[in-house]
Amino acid sequence: MADSKKTVKKLSDAEIKEMLERAKKPGKDAMVMHKYYGGKIETAPKACIRNFDDFSIWYSPGVAEPCKDIAANPDMVYEHTCKWNTVAVVSDGTRVLGLGDIGPEAAMPVMEGKAMLFKYLGGVDCVPICLDTKDPDKIIETVRLIAPSFGGINLEDISNPKCFDILDELRRDCKIPVWHDDQQGTATVEVAGAINAMKLVGKKLDEAQVTVIGAGAASIAISRLLLATGFKPQNLCMCDSTGILNMDRTDLDNPKGYHKKVIAEKTNGAGKKGGMKEAIKGADIVIAASKPGPGTIPAEYLDSMADDGIVFATANPVPEVWPWEAKEHGVRIFATGRSDFPNQVNNSMGFPAIFRGVLDVRAKTITDEMCIAAATELAKCAEEKGLTEDYIVPSMSEEEVFPREAAAVAVQACKQGVARLKTTYEEEQERAAAIISRSRRLTADMMKQGYIRPYVE
């Protein structure tokens, strides 16, 4: 198979060293800048304070009137308070992006960063909440108790398999949308990238051989959305640290293996057995959401892929295989979860806009169909601009993409009957654009005026 692949120039040791140093720079800068700013978000008033008499409106005695209005009609909380635009990002710190179980305090920088992305990219106010418990029942109860203060809940970096049960339980009980970004968010953007990558290499979704490396929450959700989008279950193969998921695996016959067994029952039509090497052989597209690299996927394994191979190595902070290694072994399109490499198939292109659309129609939940609508719109935005091997999904700098994605989600919520408010695509696109633009302008103005201190290296 490898003989028919195009020859790629091998990088010199100096070029590889330069790329590695460039890849390490964000981490080095983060150590300095996090301490410099003392965190990344703050609370600021959004209502006018003309003089101190205004506090009799915003607080006692005037505040009693909106309180009574909400008591008489609970839905008025969306009109009188910030609930309509506020999300909690909740984590127990047990599976932090490539770092594992580092605890709630160590998870805070990630959750703050999440809140920053919510605000800047989606115009959504977000509160990071890190819980000092690993008990799923306590997490569920805590989220239930705080839910009245929020318009939505974003579960984040919670270990597998309890993340599935926590999400399912909260979606049943809460009156606001609850989602797990490591499942639905990651899957949304990777599906968008897969749609366009397949177009670029001229292959059909229903004929493509797909290998998924890793069998955690993200991988299972990615597989579910891929199959709902048009990829065929018999053409999909998933591999975890033990080997390829198949019905010969006796270790799947326990509660912890339930979700893996569901995948094994309906996939792997070729009956593949073995490990990662055997799983990758003949694949048109390899999607990895597993252990951070480098070297998690040996680059030589990619030699056995089909021609015009596609690899998404999305572990953070370091992808399972470096892009230059993959290219040297014949991969045509390569994507990571990092913003400093081309083709960032990262959930930052999903959750801010998805929640924007969800909040604007006061949706009761976030369905897979809403995620597919977002993925389809993302793919369409990139296709309209012009697909290349280094551009299969839009980037965070393309502000116009987020309102379009929000509109697609909002319209799908209306179609499915889970929206409390009705809207059209055009109405929501205009509304979302105004909210997101305000958020970006607010940040720019605060930097210009010095309320956000300049940082000079």
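Trainee: Which residue in E9 is the bridge partner of glycine 309?

Mentor: Strands of a sheet pair through backbone hydrogen bonds, either parallel or antiparallel. In this predicted model, glycine 309 has valine 331 of E9 as its bridge partner. Five bridges join E8 to E9, and the two strands run parallel.

Trainee: Why is E9 described as largely enclosed by the rest of the structure?

Mentor: Six of the six residues of E9 are buried, so the strand is largely enclosed. Burial here means under 20% relative accessible area.

Trainee: In what order do the five strands of the open sheet lie?

Mentor: The order is E6-E5-E7-E8-E9, with parallel pairing. Strand E6 (236–239) and strand E9 (331–336) are the edge strands, each pairing on one side only. From one strand to the next, the twist averages 15°.

Trainee: How many bridges join strand E5 to strand E7?

Mentor: Four bridges connect E5 (residues 210–213) with E7 (residues 285–288), and these strands run parallel. Valine 210, for instance, has isoleucine 285 in E7 as its bridge partner.

Trainee: Which strands does H8 touch where it packs on the sheet?

Mentor: H8 touches E7, strand E8 (309–313) and E9, and its direction makes about 160° with that of E8. H9 also packs on the sheet, touching E5, E6 and E7; the direction of H9 makes about 180° with that of E6.

Trainee: Which residues of H7 are buried?

Mentor: An α-helix has 3.6 residues a turn, so residues three or four places apart point the same way. In H7 the buried residues are Lys162, Cys163, Phe164, Ile166, Leu167 and Leu170. Their cover includes helix H6 (136–146), strand E3 (152–155), strand E4 (178–180), helix H8 (181–201), helix H9 (217–229) and helix H10 (258–266). H7 itself (residues 162–173) has 12 residues and reaches 17 Å between its end C-alpha atoms, close to the 16 Å expected.

Trainee: Why does the span of helix H1 agree with its number of residues?

Mentor: At 1.5 Å a residue, the 25 residues of H1 (residues 13–37) should span 36 Å, and the end C-alpha atoms are 37 Å apart, which agrees. Just after H1, glycine 38 adopts a positive phi of about 60°.

Note on methods. Residues are numbered from 1 along each chain as its sequence is written. This is a predicted model: local features need pLDDT of at least 70, side-chain atom pairs count only at pLDDT 80 or more; totals for chains, interfaces and linings use all residues. Side-chain values use heavy atoms; hydrogens and water are left out. The expected span of a helix is 1.5 Å times one less than its number of residues. Buried means under 20% relative accessible area, exposed over 50%, partly exposed in between (1.4 Å probe, protein chains only). Contact means heavy atoms within 4.5 Å. Two strands pair if DSSP finds at least two bridges between them. Axes are lines fitted to C-alpha atoms, for helices over the stretch in contact, and angles run from 0 to 180 degrees between N-to-C directions.
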